[in-house]
Amino acid sequence: MTVSGPENAAPILTIRNLKKSFGENTVLTGFNLTVNKGENVVVLGRSGTGKSVLIKCIVRLIDPDDGEINVLGKEILKLDPEPLDVMRARIGFLFQSSALYDSMTVEENLEFPLRRHLRKHIKYDVEKLVKDALESVRLDGTQKMSPAELSGGMRKRIGIARTLILNPEVMLYDEPTTGLDPITAREINHLMLEVQEKFKTTSIIISHDMNCVRMTANRVVVLIEGKCYAEGSYDDLKKSQDKHVKQFFD
Ligand SMILES: Nc1ncnc2c1ncn2[C@@H]1O[C@H](COP(=O)(O)OP(=O)(O)OP(=O)(O)O)[C@@H](O)[C@H]1O
Ligand SMILES: [Mg+2]
């Protein structure tokens with residue numbers, strides 16, 4: 001399967017010289033990346049190399065030590081709390097753990113970001129927004145269920161629906177297929193392609209699942225020692241003779 005590339009290349013997200021250490025533990029050492037409009041970029045890296053740290057920096061769940069992050073024309077690291085909150089509503093984040101609240105129903109989980117981010121003076125049909133978001137992930141009808149009653153794949157879908165409800169322009173997916181069986185993982189990969197197509201989102205997908213990379217990536221970036229070590233299409237990187245790149249494909 002080939003992944004069609006975006007037609008209009010314009011940068012939506014630019015990361016320059018990003019650095020982050022936790023005490024002695026140096027994680028990001030000058031990471032650079034540009035993601036163009038409509039593109040799915042997969043960041044590939046071994047466990048513990050800083051993939052989650054990287055995308056948490058983009059929404060400032062983690063504050064980096066140095067560097068610049070520009071998303072949709074805004075310098076994220078310079079934003080005050082209020083405009084940062086507005087930007088966060090434009091960036092969908094699928095957490096590695098799905099991060100659903102088991103004490104709330106599916107419907108309440110989806111309403112949560114709405115209540116936080118929607119403007120007070122506009123009247124929204126919340127029920128319809130929830131239904132539409134659930135339909136996009138083919139889980140309409142689960143509104144009254146608890147996330148604890150759902151399978152891992154369904155939880156991922158609900159996590160995606162919860163981000164889609166705010167109509168994000170950028171999506172950050174952290175290990176969307178990890179822990180899922182191959183068939184469910186493939187469904188999630190298809191869903192991410194559908195989201196890209198239908199909502200015209202620009203995405204960073206963190207993964208070390210090579211099927212996910214092959215199916216979803218317009219471009220692949222290899223994160224090694226805190227930097228972008230190599231980048232290219234899946235097919236380009238698959239042909240690489242570099243031993244660090246080859247290990248992902250063996
Ligand atoms: N909040 C934190 N405080 C201290 N250290 C952290 C914090 N978050 C991450 N780290 C450290 O940063 C490094 C990178 O972690 P990160 O979660 O980004 O790895 P990862 O590439 O996402 O791995 P995995 O594939 O297992 O999810 C690890 O050494 C981790 O211990
Ligand atoms: Mg991670």
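Which residues of α5 are buried? I began with this point and recorded that the structure is a predicted model, in which local features need pLDDT of at least 70, side-chain atom pairs count only at pLDDT 80 or more, and totals for chains, interfaces and linings use all residues. Residues are numbered from 1 along each chain as its sequence is written, while chains are lettered from A and ligands numbered from 1 in the order in which they are written.

**Entry 1: helix α5**

I took helices (H or I, at least four residues) and strands (E, at least two) as DSSP runs, numbered from the N terminus. I called a residue buried if 20 or more other C-beta atoms lie within 10 Å of its own, exposed if 12 or fewer, and partly exposed in between, with C-beta atoms placed from the backbone. The buried residues of α5 are R155, K156, R157, I158, G159, I160, A161, R162, T163 and L164. Helix α5 is thus mostly covered, with 10 of its 13 residues buried.

I then looked up the packing partners, with contact meaning that two C-beta atoms, placed from the backbone, lie within 7 Å. The buried residues of α5 pack against β6 (91-94), α3 (106-117), α4 (126-136), β7 (170-174) and α6 (182-199).

The 13 residues should span 18 Å, and the end C-alpha atoms are 19 Å apart, which agrees.

**Entry 2**

I counted two strands as paired if DSSP finds at least two bridges between them. An open sheet of 6 strands runs in the order β6-β7-β8-β3-β9-β10, with mixed pairing. Its edges are β6 and β10, each with a single partner strand, so one side of each lacks a neighbour in the sheet. From one strand to the next the twist averages 20°, with axes as lines fitted to C-alpha atoms (for helices over the stretch in contact) and angles from 0 to 180 degrees between N-to-C directions.

I next examined strand β9 (residues 219-224). Because 5 of its 6 residues are buried, β9 is largely enclosed by the rest of the structure. It is joined in parallel to strand β3 (residues 40-44) by 4 bridges, and V41 has R219 in β9 as its bridge partner. Strands β9 and β10 (residues 227-232) pair in the antiparallel sense over 5 bridges, with G232 in β10 as the bridge partner of V220. Their hairpin has 2 residues between the strands, and E225 takes a positive phi near 50° there.

**Entry 3: the sheet of 4 strands**

I noted an open sheet of 4 strands in the order β2-β1-β4-β5, with antiparallel pairing. Strand β1 (residues 11-22) is joined to strand β4 (residues 66-71) by 5 antiparallel bridges, and I15 stands opposite I69 in β4. Helix α1 packs on this sheet, touching β1, β2 and β4, and its direction makes about 60° with that of β2.

**Entry 4: ligand 1**

Which residues are around ligand 1? With a C-beta atom, placed from the backbone, within 6 Å as the criterion, I listed F22, N25, V27, G45, S47, G48, T49, G50, K51, S52, V53 and Q96. The elements giving two or more residues to this shell are β2 (25-36) and α1 (51-58). Helix α1 gives the most, with 3 residues.

By class, the shell has 3 nonpolar, 8 polar and 1 charged residues; Ala, Val, Leu, Ile, Met, Phe, Trp, Tyr, Cys and Pro count as nonpolar, Asp, Glu, Lys and Arg as charged, and the others, Gly among them, as polar.

Terms used:
The expected span of a helix is 1.5 Å times one less than its number of residues.
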